[in-house]
Every structure is written in structure tokens, then in C-alpha cells.
Amino acid sequence: MAAEGEALMAAERAETSTAPAVATESGANGKAAASGKPAMVLGIDESEHSYYALEWTIRHFFAPGQPQQYHLIVVSAKPPAASVIGIAGIGTAELLPRVELDLKRASARVIDKAKEHCSHVADVSYEVKEGDARNVLCEAVERHHADMLVMGSHGYGAFKRAVLGSVSDYCTHNAHCTVMIVKKPKHHKKHEQLGFHRKEA
């Protein structure tokens, strides 16, 4: 338990050390305002569909040597540890620190990988927010007054979509901006599939 406590403290220190890039909202907002660029929020998680959406966005909006028209804000949602454990029971309290540590490590991996992809993007910031991804992304759109929200499509079937809910469906109907869904094409298809949903102001 002592080792787990030290590991958790180390993860918290690591998260704090990346605060200017990950959690400093004022820094991101000030940067966007100073550049005069509209904000683009991109939701990301550990899925390959999510990273494909990031790669596609960088390729089409932030290509090296091309003018970058947007301030890119990469947002990842970290679920609360209690929601991952589920129904409380005997031993739940002991599990929480371990689960919290695993979630923080997962979030750090997501952001680190995103930074690798965005290494040449001049105007980019990163955020990790605790909560349901649907709410986290819609709140990020409001907070940054974003013109566009980009996310990948997991390609759930009808049953899984009904059980788990769709982040993209929710954001399409609730985000107050243009929503772009980037769907990873199957191997036999040559072109990306995109879905646009533009909200009227």
C-alpha cells in the first residue's frame, strides 16, 4: 500500500508538472486570443479511431509549412475512479487509489502520444478533464468558444451503441459548434469517410 501511495503521489506530481500544457485553461484561452485564431477542440482517447482522427486533422488542417488557421485544443476525458469500479462493495475503498493511479497513467499516455503527433503544430494546447467524455467535450467547446469539434468514430453496432451510448451522437446534438466525425476507412476503401454537422449560431 505504501508503494501504491508513493506511485499515486508521483503520478499527481507528473500531472501537475504538465499543467501549463494540460490543465491551464487561462493559458490556452489567452494563447488563442493572442493569436486571433478560432479554436478547434479535438477529443481523444486510447482508441485507434481517435488517433486516426488526430492524424487526419493534422494532415488536413496543420500540415507542415502551411498556414495554420486554428488554435488546436486536444482534450481527453478521464473517468472518475468510482465509475470504473462500479457498484460499491467490500474492499472498494482500497481499490480506489490503485484505479485512480491507472487512470492517470492512461491519461498521461494519451496526451504524450498526442504530443508526438502534434510536434510540429505551433498553436496547440492539451487538457485532461475528469468526467464523462460527452460532457467533457461539450464543456470544452463552450469554455473555449470553439468553432469546431473533431472526434473519431468507434463504429459501434446498433446494440453496443444503444447500451454504451455514442459520444459522437451526443456531441452532434449538444455541442454548439460545427462537429466533424472522422471515420477510419476499412482496408478496401481508399478515402476517408467524414460526417459533418453544422450548428447554426
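**Exercise 1. Decide whether His145 is buried or exposed, and find its place in the chain.**

Step 1: His145 has 65% relative accessibility, so it counts as exposed. The cut-offs are under 20% relative accessible area for buried, over 50% for exposed and partly exposed in between, with a 1.4 Å probe and protein chains only.

Step 2: Helices here are DSSP runs of H or I with at least four residues, strands are runs of E with at least two, and both are numbered from the N terminus.

Step 3: Check the backbone. Most residues other than glycine have a negative phi. Phi of His145, though, is near 50°, a positive value.

A quick word on the model: it's predicted, so local features need pLDDT of at least 70 and side-chain atom pairs 80 or more, while totals for chains, interfaces and linings use all residues. Residues are numbered from 1 along each chain as its sequence is written, and side-chain values use heavy atoms, leaving out hydrogens and water.

**Exercise 2. Describe how α7 and α9 pack.**

Step 1: Two packed helices are described by the angle between their axes and the distance between the axes. For α7 (residues 133-144) and α9 (residues 167-174), the axes come within 9 Å and cross at roughly 35°. Each axis is a line fitted to C-alpha atoms over the stretch in contact, and angles run from 0 to 180 degrees between N-to-C directions.

Step 2: List who meets whom. From α7 come Ala133, Arg134, Asn135, Leu137 and Cys138; from α9 come Val167, Tyr170, Cys171 and Asn174. Contact means heavy atoms within 4.5 Å.

**Exercise 3. Work out where Pro185 sits.**

Step 1: Pro185 is in the loop between β5 and β6 (193-197).

Step 2: At 18% relative accessibility, Pro185 counts as buried.

Step 3: Pro185 and Tyr52 are 133 residues apart in sequence, yet 9.7 Å apart in space, C-alpha to C-alpha.
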